[in-house]
Amino acid sequence: MRLRVDNVSVALGGVPVLHDVSLVAEPGQVVGLVGPNGSGKSTLLRTVYRSLRPGSGTVRLGERDVWAWSSREAARRIAAVLQDDTTPAGMTVAEVVELGRTPHHALFTRHAPGDEAAVRDAMARAGVSAMAERAFGSLSGGERQRVLLARALAQQPRLLVLDEPTNHLDIQARFELLDLIRELGTTTLVVMHELDLAARVCDSLVVLHGGRVAAAAPALDALTPDVLRRVFGVRARAARDPDGVVRVTYAAQPLAGVPVTPVAGTR
């Protein structure tokens, strides 16, 4: 399903933090949000998964404004995997994934037709079926991220929202998770910190700086030397290597005198 953000602005505590931000993620695309700390990435993400209502502008999934849905209706269509997840460590993997079915349950019920099949399919797609009875708290960081992704898939969402899903993972776990996200075929909006990884997994990148869109295009067009200098304060260039992978090459020294100023209230 198509995600369209049109001219979204947000102020926190009276301080403007997003300024007329627009982006489009076509059905099945993975769109990455990148930018320095304080650029507004997570604030924008919050407007998409309905944690923060924009001061102006619209967020549409398909033809509907996401804020026109009830919370339950929205949860059937939008699934978020966030950094500050508070899943109880004592639950089994299967129990965690089953939580993704909650939006599909009628009031005061714990089950709905299709729950078992949806959970089984989500665990298979995320590669966690073999650990169904393991305690969530016993898993490695990479395994936990896969389980949380399986929980999101069990919601059967039209849109996945991911906030730095590779944070704190080792190299192998990062690539495995990114390859999984790439293969899902679900429209996905993801905040990423590492430009090389973002370029690897995303169909296009939206570069935020000071709460504004500095660039929005496929990786090679978004991460130009000028954008990398102005937004990130580094001498660098993006290029496709012989294997077809976009890589960012940095100069030995950062640019002096190029301020990258955080905007209050964003991260």
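Over which ring does the charged end of Arg-144 sit, and how far from its centre? The ring is that of Phe-136, and the charged end of Arg-144 lies 5.2 Å from its centre. A charge counts as sitting over a ring if NZ of Lys or CZ of Arg is within 6 Å of the ring centre and within 35 degrees of the ring normal.

The model is a predicted one, in which local features need pLDDT of at least 70 and side-chain atom pairs count only at pLDDT 80 or more, while totals for chains, interfaces and linings use all residues. Residues are numbered from 1 along each chain as its sequence is written, and side-chain values use heavy atoms, with hydrogens and water left out.

**Charges and rings**

| Charged residue | Ring | Distance to ring centre |
|---|---|---|
| Arg-50 | Trp-67 | 5.0 Å |
| Arg-144 | Phe-136 | 5.2 Å |

Pairs between aromatic rings come to a count of zero. The rule takes rings of Phe, Tyr and Trp (its six-membered ring) as paired if their centres lie within 6.5 Å, with planes under 30 degrees apart called stacked, over 60 edge-to-face and the rest tilted.

**The antiparallel sheet**

Helices (H or I, at least four residues) and strands (E, at least two) are DSSP runs, numbered from the N terminus. Two strands pair if DSSP finds at least two bridges between them. Four strands form an open sheet in the order S2-S1-S4-S5, and their pairing is antiparallel. Strand S2 (15-25) and S5 are the edge strands, each with a single partner strand, so one side of each has no neighbour in the sheet.

Within this sheet, S1 and strand S4 (residues 56-61) are joined by five bridges and run antiparallel.

Most residues other than glycine have a negative phi. Asn-7 belongs to strand S1 (residues 3-12) and is partly exposed, at a relative accessible area of 44%. Buried means under 20% relative accessible area, exposed over 50%, and partly exposed in between (1.4 Å probe, protein chains only).

Glu-164 also has a positive phi, of about 45°, although it is not a glycine. Glu-164 is placed in the loop between strand S7 (159-163) and helix H6 (171-184). Glu-164 is buried, with a relative accessible area of 18%.

Strand S8 (residues 187-191) is mostly covered, five of its five residues being buried. In a regular strand the side chains alternate between the two faces of the sheet. In S8 both faces are covered, with Thr-187, Leu-189 and Val-191 buried on one side and Thr-188 and Val-190 buried on the other.

Strand S3 (residues 30-34) runs parallel to S8 and is joined to it by four bridges; Gly-32 has Val-190 as its partner in S8. S7 also runs parallel to S8, with five bridges between them, and the partner of Leu-160 in S8 is Thr-188.

**The cavity and the helices**

How many cavities of 30 Å³ or more does the structure hold? The structure holds one, and the largest cavity has a volume of about 30 Å³. On a 1 Å grid over the protein atoms alone, a cavity is a set of points where a 1.4 Å probe fits but cannot get out, and lining residues have an atom within 4 Å of a point. Grid points are joined across faces, edges and corners, and a volume is the space filled by probe spheres set on the points.

The lining of the largest cavity consists of Val-81, Gln-145, Leu-149, Leu-162, Pro-165, Leu-177 and Ile-181. Helix H5 (141-154) and H6 each supply at least two residues of this lining. The lining residues divide into six nonpolar, one polar and no charged. Ala, Val, Leu, Ile, Met, Phe, Trp, Tyr, Cys and Pro count as nonpolar, Asp, Glu, Lys and Arg as charged, and the others, Gly among them, as polar.

Ala-94 is in helix H3 (residues 93-98) and is buried, at a relative accessible area of 12%. Ala-94 and Arg-151 are 57 residues apart in sequence and 9.0 Å apart in space, C-alpha to C-alpha.

Methods: 1 Å grid on protein atoms, 1.4 Å probe; cavity = no way out; pocket = protein on both sides within 12 Å on 5 of 7 lines; lining within 4 Å.
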